[in-house]
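Biologist: I've got a new model open on my screen and I'd like to get to know it. Can we go through it together?
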Amino acid sequence: MAVTIKVALEFKVSGTALEDAMAEYDELSVEGLVREILDKAIACDEVTAKVEDGPNSLEEYDQITSS
């Protein structure tokens with residue numbers, strides 16, 4: 001029987017680590033990166049990820065850090 005698990009997650013990461021992780025997983029968004037990591041780690045049937053606060057892409061990260 002499949003179950004649904006809903007998790008609230010917050011993490012802090014440096015810009016270079018975020019860029020490296022996105023390149024390694026070939027993802028363009030943090031949402032996509034989180035989905036890919038969870039799917040590879042525990043073979044999820046369905047993963048939904050949504051960034052509620054903070055940058056969701058390297059472009060958004062650059063905009064925040066250049067201010």
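Biologist: How do the residues of the lining of the largest pocket divide into nonpolar, polar and charged?

Modeller: Keep in mind that this is a predicted model. The largest pocket has a volume of about 1,600 Å³, and 36 residues line it, with V7, L9, V34, T48 and A49 closest to its centre. Sorted by type, the lining comes out as 24 nonpolar, 3 polar and 9 charged.

Biologist: Which helix gives the most to the lining of the largest pocket?

Modeller: There are three to consider: α1 (15-24), α2 (30-42) and α3 (58-65) each supply at least two residues of that lining. The top contributor, with 7 residues, is α2.

Biologist: What order do the elements of the protein chain run in, from the N terminus on?

Modeller: Let's start with what is there: the chain has 3 helices and 0 strands. Reading from the N terminus, then, you get α-α-α.

Biologist: What share of the 67 residues of the protein chain counts as buried?

Modeller: For this count, buried means under 20% relative accessible area. Going through the 67 residues of the chain with that cut-off, the buried share is 19%.

Terms used:
Residues numbered from 1 in each chain as written. Predicted model: local features only at pLDDT ≥ 70, side-chain atom pairs only at ≥ 80, totals over all residues. Heavy atoms only, no water. 1 Å grid on protein atoms, 1.4 Å probe; cavity = no way out; pocket = protein on both sides within 12 Å on 5 of 7 lines; lining within 4 Å. Points joined across faces, edges and corners; volume = space filled by probe spheres on them. Helix = DSSP H or I, 4+ residues; strand = E, 2+ residues; numbered from the N terminus. Nonpolar A, V, L, I, M, F, W, Y, C, P; charged D, E, K, R; others polar. Buried < 20%, exposed > 50% of the residue type's maximum accessible area, 1.4 Å probe, protein only.
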